[in-house]
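Read the sequence alongside the model. The walk below goes from the overall division of the chain to a few local features.

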Amino acid sequence: MVQFQEVTKQSALHPKPAGLVLQYGTAGFRTNAKLLDHIMFRMGLLATLRSKKTKATIGVMVTASHNPEEDNGVKLVDPMGEMVTPTWEVYATQLANAEQDDLLASLKDIIEKESINMSQEANVFVGKDTRSSSVSLSKAVLDGVSALAGHNYGLVTTPQLHYMVCCQNTQGEYGEATMKGYYTKLSQAFIQLTKNASNCTDDQKHLSVDGANGIGALKVREMESHLKKELHISLFNDGSTGKLNHQCGADFVKVQQKPPTGATMNSGERCCSFDGDADRIVYYYTDSEGRFHLLDGDKVATLISTFLKELLTQAGLDLEMAVVQTAYANGSSTNYLEDTMKVTVRCTKTGVKHLHHAAQEFDIGVYFEANGHGTVLFSKAAEEKIQRLAEDSSVANERKRAALLLRSTIPVINQTVGDAISDMLLIEAILAIKGMTIQQWDAIYSDLPNRQLKVKVADRRVIDTADAERRAVSPKGLQEAIDSLVRKYREARSFVRPSGTEDVVRVYAEAETQESADSLAHEVSLAVY
Ligand code: NG1
Ligand code: ZN
């Protein structure tokens with residue numbers, strides 16, 4: 001077939017280094033950019049097959065998120081803007097690792113297994129972040145998509161690409177599949193929602209944003225022009241001088257528990273950091289004694305779920321809301337949510353696809369990783385109930401107000417995936433409506449001191465985990481060793497798991513004091529060797 005001749009011809013321009021083996025992990029493929037050209041080409045091919053199979057638009061995002069500038073990566077986006085389905089992750093790994101001469105056979109194998117009709121039309125949306133390698137790597141993806149109708153969005157944040165794919169496949173029901181459509185939907189919803197904030201001063205409308213020297217910096221600027229001064233953004237680490245993710249960005253701030261370079265922080269002022277592809281956000285401030293306070297994904301989830309729960313109660317709406325977390329969630333946040341707020345909490349494995357999936361089981365699912373990646377999902381039925389109540393002229397004022405607020409909240413949220421810009425607007429609106437300062441938000445509960453470490457080992461795959469990664473089931477004896485170390489400290493908890501995006505084992509520990517958390521993390525990392 002003509003298509004296959006073209007594949008052979010093009011793939012010769014994107015040869016695979018013999019023997020190189022890469023795995024489609026939690027965040028797709030991710031490694032040094034120099035090793036990725038053939039992967040990109042092949043993911044272009046695979047996205048085209050996935051599009052033919054689903055008869056829908058598929059997304060391909062070229063980014064390595066919070067990783068250093070030298071790295072890059074690629075992930076596929078399924079029709080409703082969600083991560084690609086697990087069976088196709090297996091195909092991605094298979095296709096990526098086929099040696100040059102076996103590529104066609106591997107491709108044909110997938111076509112056969114999935115009974116793909118090759119004459120079906122395909123549509124693939126491609127997006128990239130600001131890394132210098134993203135230019136040629138996204139071209140390699142397009143070579144893979146080749147003759148078939150692809151749409152290159154150029155520079156976009158990861159969540160913007162997810163949004164476009166979803167809009168395209170819902171025939172505009174979710175929004176318009178253009179950048180303008182994205183900005184208009186979110187900004188109008190934000191302006192509508194913040195009308196409910198009375199007495200908001202200009203000072204309270206001010207937010208400093210660390211753009212991680214990446215795509216989020218460019219895009220938050222574009223968004224700001226749509227916000228009609230309802231939010232004043234001071235952007236730093238905007239990419240004009242600094243290096244991507246270097247000493248800045250959400251991952252740096254979360255893991256190092258300190259402000260990014262370039263932050264000028266007056267006491268009590270709100271600041272936030274995006275990561276390199278703008279799907280994560282964390283907030284922070286310094287207090288009058290100069291102490292740094294981090295408000296991570298767990299604090300964000302708590303703020304949002306408190307806001308939604310209050311509105312549901314006021315509206316008298318019987319909808320089940322849950323918060324989905326991972327093992328990295330601070331123990332204090334889980335206790336607060338379960339014991340004080342009385343909301344259902346679920347714990348899943350690391351990786352947004354797991355959280356997203358669990359959140360879909362509820363009327364309203366608020367999911368956040370501690371690192372600041374997360375969003376809120378509303379079931380169709382929940383959206384309809386809220387809509388009906390908001391339109392019902394017979395309900396009392398307070399109920400009506402709550403229903404209208406809930407209705408205005410929904411379009412601020414990018415429900416396809418965690419989105420730093422959308423989360424930022426939602427958080428800013430909630431703080432304004434509740435007349436809450438960042439200190440008051442921070443005081444909802446106090447984090448247990450914690451520490452995250454990375455350990456390099458010969459083969460991280462020897463560690464196998466269970467119970468949403470909270471227990472190590474192999475190698476033998478490791479969990480027992482962790483348990484006995486944990487027993488030495490008060491309010492302590494620790495776990496280890498192999499990273500899905502780096503060649504390391506991650507160690508997490510929390511305890512009553514920072515000193516204890518640090519030494520527990522250190523002792524556990526020694527037990528991992
Ligand atoms: P790994 O490397 O598997 O821990 C990291 C994050 C995930 C997720 C992915 C994708 C932590 C501890 N892990 O995964 O939550 O965001 O990157 O970017 O933050
Ligand atoms: Zn990211």
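The paragraphs that follow take up the domains, a helix pair, an annotated site and the ligand.

The model is predicted. Its chain is divided into domain 1 (2-155), domain 2 (181-294), domain 3 (298-414) and domain 4 (450-528). Taken over C-alpha atoms, the centres of domain 1 and domain 4 are 34 Å apart. An unreviewed UniProt entry carries the annotation "domain: Alpha-D-phosphohexomutase C-terminal" for residues 454-525. That span, residues 454-525, is 29% helix and 29% strand, and its end C-alpha atoms lie 8 Å from each other.

Turn next to a pair of helices. Helix H2 (residues 37-54) packs with helix H3 (residues 86-97) at an angle of about 140 degrees, and 10 Å separate their axes. Roughly antiparallel would require an angle over 145 degrees, so H2 and H3 count as oblique to each other. The crossing in which H2 passes H3 is right-handed.

The annotated site comes next. Ser65 is placed in the loop between strand E2 (57-62) and strand E3 (71-77).

The ligand remains. Which residues are closest to ligand 1? Of the 14 residues that surround ligand 1, the closest are Ala27, Asn371, Ser499, Gly500 and Thr501. By class, the shell around ligand 1 comprises 9 polar, 3 charged and 2 nonpolar residues.

Definitions and conventions:
Residues are numbered from 1 along each chain as its sequence is written. Chains are lettered from A and ligands numbered from 1 in the order in which they are written. This is a predicted model: local features need pLDDT of at least 70, side-chain atom pairs count only at pLDDT 80 or more; totals for chains, interfaces and linings use all residues. UniProt positions are given in the numbering used here, feature names are shortened, and annotations may be inferred rather than shown by experiment. Helices (H or I, at least four residues) and strands (E, at least two) are DSSP runs, numbered from the N terminus. Domain bounds come from an automatic or database domain assignment. A residue is near a molecule or strand if its C-beta atom, placed from the backbone, lies within 6 Å of it. Ala, Val, Leu, Ile, Met, Phe, Trp, Tyr, Cys and Pro count as nonpolar, Asp, Glu, Lys and Arg as charged, and the others, Gly among them, as polar. Axes are lines fitted to C-alpha atoms, for helices over the stretch in contact, and angles run from 0 to 180 degrees between N-to-C directions. Angles under 35 degrees count as roughly parallel, over 145 as roughly antiparallel, 65 to 115 as roughly perpendicular and the rest as oblique. A crossing is left-handed if the near helix is turned anticlockwise from the far one by less than a right angle, and right-handed if clockwise.
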